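Hello,

Here is the structure we talked about.

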Amino acid sequence: MAALLQVDGLTKAFGGLVAVSNMSLAVSPGEVLGLIGPNGSGKTTLLNLIAGTLRCDAGTIRIDGEDVTRLPNHLRVRRRINRTFQLVRMPPNLPAIVGVMAGVMYGADPKPYKEAEYEAAGILGELNLLLKAGHRLDQLTYIEQKRVELARALATKPRVLLLDEWLSGLSPGELEGGMSVVWSLAAQGLAVILVEHVMTAVRALCSRVVVMNAGLKIAEGPADEVLRDAEVIRAYLGDDDAGGS
Amino acid sequence: MLEVHGLSHAYGRHKALDEVSIRLRAGEAVAILGANGAGKTTLLNSIAGLVRPTAGSIRFEGRELVGLSPHRIVEMGIATVPENRRLFEPMAVIENLNLGAYVDRERGGAAAALERVFALFPRLAERRRQAVRTMSGGERQMVAIARALMAQPKLLLLDEPSLGLSPRLSGELFAALGRISHDVSILMVEQNARRALAMADRAYLLALGRIVGEGEADLLARDSAVARSYLGL
């Protein structure tokens, strides 16, 4: 299938530090692309560039053939690309559903207040959070907050979804539930980029994996091949964890 | 060294902790395992004085902690690495670390403490002047742990220390914790149960606010019921 998201030669420097250097990747509808690499290797910066949270210094970002490189964040959301943050970015004292409603009202297919409320409730329901819809965000557990964060992103109706460590910090049972959520989003045809350190999830969900180190792509290919690569093991997995966690 | 007895805490009608009792001897590393929402963070926060339990007692070296303010508890030798790190984001690494040493007991010892944490996390020494908000999630986690160690605690409370760390860094983190565990007692909450059990002496299993199991870490690691629920086999 033709790529839905096509990124070419993306580069971003902070002062003298080149955080992302000449990165290219492509994701197709229904595909989960794994993006892994050591802490500080530029993964989140790359997501920020794709989502429009940061502007790139060079390179292009296309969604469905349309060049969105110069579009600000909110217009990219309307071109159906959105992301989750590692830590939930919503006012802690607001009911969970309000954050999700904001996603509906300012997303790619905006709805007025009442319909937005109805739709937000539906999205929360699909994520098993309907009973928590009226709870303040700071009264929810970590895993519930992570799900609200996903609900907010989904509310904008993305076709390209960027998940920044959305599966981290889960117990094995919770991880299974989280993985099946990602799986079903891909099955619905979303193109997903998964930034994750949980190798169980990367192996199970990702057909392809891109590995970054110091802003550069150091490997790309099928998950099981890439995770056996000597350079990837040295830079990222460490010696005793090539198989585990 | 630490004795928690009959600790309960409720958020509204929701019982986060229901008569929890745990013990930790000096020099021990103890892990608390359980799903999200089991009450693990509430337990750590109660010990740190960040939440006030509705019932029960927490004794540290024989002194009652319930009712003391968090800074008094730090001065008594208990330092916390909270779940969301809670760093001073615009400030440099070195400034965050120095604030960790802002305890009466340790004034004067800060230079030596700094040397020790830099030996433990060499990356922080390289980046000492960098603003924390420009660092990656994993690097910030190192700063949070290093800041807690700057208080030279007798007991270190760790809430999900490996969260957001690469497999390699989380291996290095647990190796580092193994090295410091000779000098400081550790009570940690951690989702990476395999690594936590490999490092800890003992562990408690927490579910829905109650202790549902405890034992030697290496025995728990080999227990098939524990393996299914907590190790994901």
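Below are notes on the contact between the chains and on one helix.

This is a predicted model: local features need pLDDT of at least 70, side-chain atom pairs count only at pLDDT 80 or more, and totals for chains, interfaces and linings use all residues. Residues are numbered from 1 along each chain as its sequence is written, and chains are lettered from A and ligands numbered from 1 in the order in which they are written.

The interface. Chain A gives 29 residues to the contact and chain B gives 26 residues. Contact here means C-beta atoms, placed from the backbone, within 7 Å. On the chain A side, α5 (142–155), α6 (172–187) and α9 (230–237) each supply at least two residues. Helices are DSSP runs (H or I, at least four residues), numbered from the N terminus. The largest share, four residues, is from α6(A).

The helix. α4 of chain A (residues 113–126) has 14 residues. From first C-alpha to last it reaches 20 Å, close to the 20 Å expected at 1.5 Å a residue; the expected span is 1.5 Å times one less than the number of residues. A116(A), E119(A), A120(A), I123(A) and L124(A) are buried, that is, 20 or more other C-beta atoms lie within 10 Å of their own, with 12 or fewer for exposed. These residues lie on the same side of α4(A) because they cover an arc of only 140° around the axis, taken from the directions from the helix axis to the C-beta atoms. They pack against α3 (96–105) and α5 of chain A. K114(A) and Y118(A), on the other side, are exposed. After α4(A) comes N128(A), with a positive phi near 60°.

Best wishes

Note on methods:
Contact = placed C-beta atoms within 7 Å.
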